[in-house]
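I opened the notebook to record a few things looked up in one model. The entries follow in the order I made them.

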Amino acid sequence: MGANLGEARQTLETAAAELAATPGIQDLTLAHFYSTAPVDSSGPDYVNTVVRFTCTLAPENLLDRLQHIEQEHGRTRLYRNAPRTLDLDLLLYGQEQINTERLIVPHPRMHERAFVLVPLADLAPELELAQGHISTLLDSVKDQGIWRLD
């Protein structure tokens, strides 16, 4: 989850609550919030976090729900990596590997991004991705500026 326009943290908290209220989603846990500079983009710093939950929705139905929540919060897609009111990415779906026109899971660039790995490590410090253990991956992105918000 990320946002860098408007009241970013409040938007993320509201989006997490909306996701938690979705039928088929249970036990939602929110990681800490972090501030990060935009990656391959411009605009104000982002507020980022990661959520973990149990889900009975099919992956594409979950993607539809995520995109609906983004739209409810004024998300527009003017160009790739444009500043945004809300960005909800599906990083993992259990152990499934999905590669369709609409959805690639695991997310293909998450292992390169501190703004994903740091909050992900809050929730899953023992996580092993195809690219390596999360602690090793964190070492590879330690030069990317990220600050925990309290």
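Entry 1. I started with a term: a residue counts as buried when its relative accessible area is under 20%. I also noted that the model is predicted.

Entry 2. I applied the term to helix α3, residues 114-123. I found 9 of its 10 residues buried, so α3 is largely enclosed by the rest of the structure. The buried residues are Ala114, Phe115, Val116, Leu117, Val118, Pro119, Leu120, Ala121 and Leu123.

Entry 3. I then looked up histidine 107, which sits in the loop between β7 (104-105) and α3. Is histidine 107 buried or exposed? Its relative accessibility is 12%, and the cut-off for buried is under 20%, so histidine 107 counts as buried. I traced its side chain to the backbone nitrogen of arginine 109, at 3.2 Å. Setting aside neighbours within four places in sequence, I listed Asp89, Leu90, Leu91 and Arg113 as the residues in contact with histidine 107.

Entry 4. I turned to a pair of helices. Two packed helices are described by the angle between their axes and the distance between the axes. For α1 (residues 8-20) and α2 (residues 59-72), I noted an angle of about 140 degrees and axes 11 Å apart. That angle makes α1 oblique to α2. The crossing of α1 past α2 is right-handed.

Entry 5. Which residues make the contact between α1 and α2? From α1 I wrote down Ala15, Glu18 and Leu19, and from α2 Leu62, Arg65, Leu66, Ile69 and Glu72. Sorted by class, this contact has 5 nonpolar residues, 3 charged residues and no polar ones.

Technical notes: Residues are numbered from 1 along each chain as its sequence is written. This is a predicted model: local features need pLDDT of at least 70, side-chain atom pairs count only at pLDDT 80 or more; totals for chains, interfaces and linings use all residues. Side-chain values use heavy atoms; hydrogens and water are left out. Axes are lines fitted to C-alpha atoms, for helices over the stretch in contact, and angles run from 0 to 180 degrees between N-to-C directions. Helices (H or I, at least four residues) and strands (E, at least two) are DSSP runs, numbered from the N terminus. Angles under 35 degrees count as roughly parallel, over 145 as roughly antiparallel, 65 to 115 as roughly perpendicular and the rest as oblique. A crossing is left-handed if the near helix is turned anticlockwise from the far one by less than a right angle, and right-handed if clockwise. Contact means heavy atoms within 4.5 Å. Ala, Val, Leu, Ile, Met, Phe, Trp, Tyr, Cys and Pro count as nonpolar, Asp, Glu, Lys and Arg as charged, and the others, Gly among them, as polar. Buried means under 20% relative accessible area, exposed over 50%, partly exposed in between (1.4 Å probe, protein chains only). A polar contact is a pair of N or O atoms within 3.5 Å; within protein, one must be able to donate a hydrogen and the other to accept it, and residues adjacent in sequence count only if both atoms are side-chain atoms.
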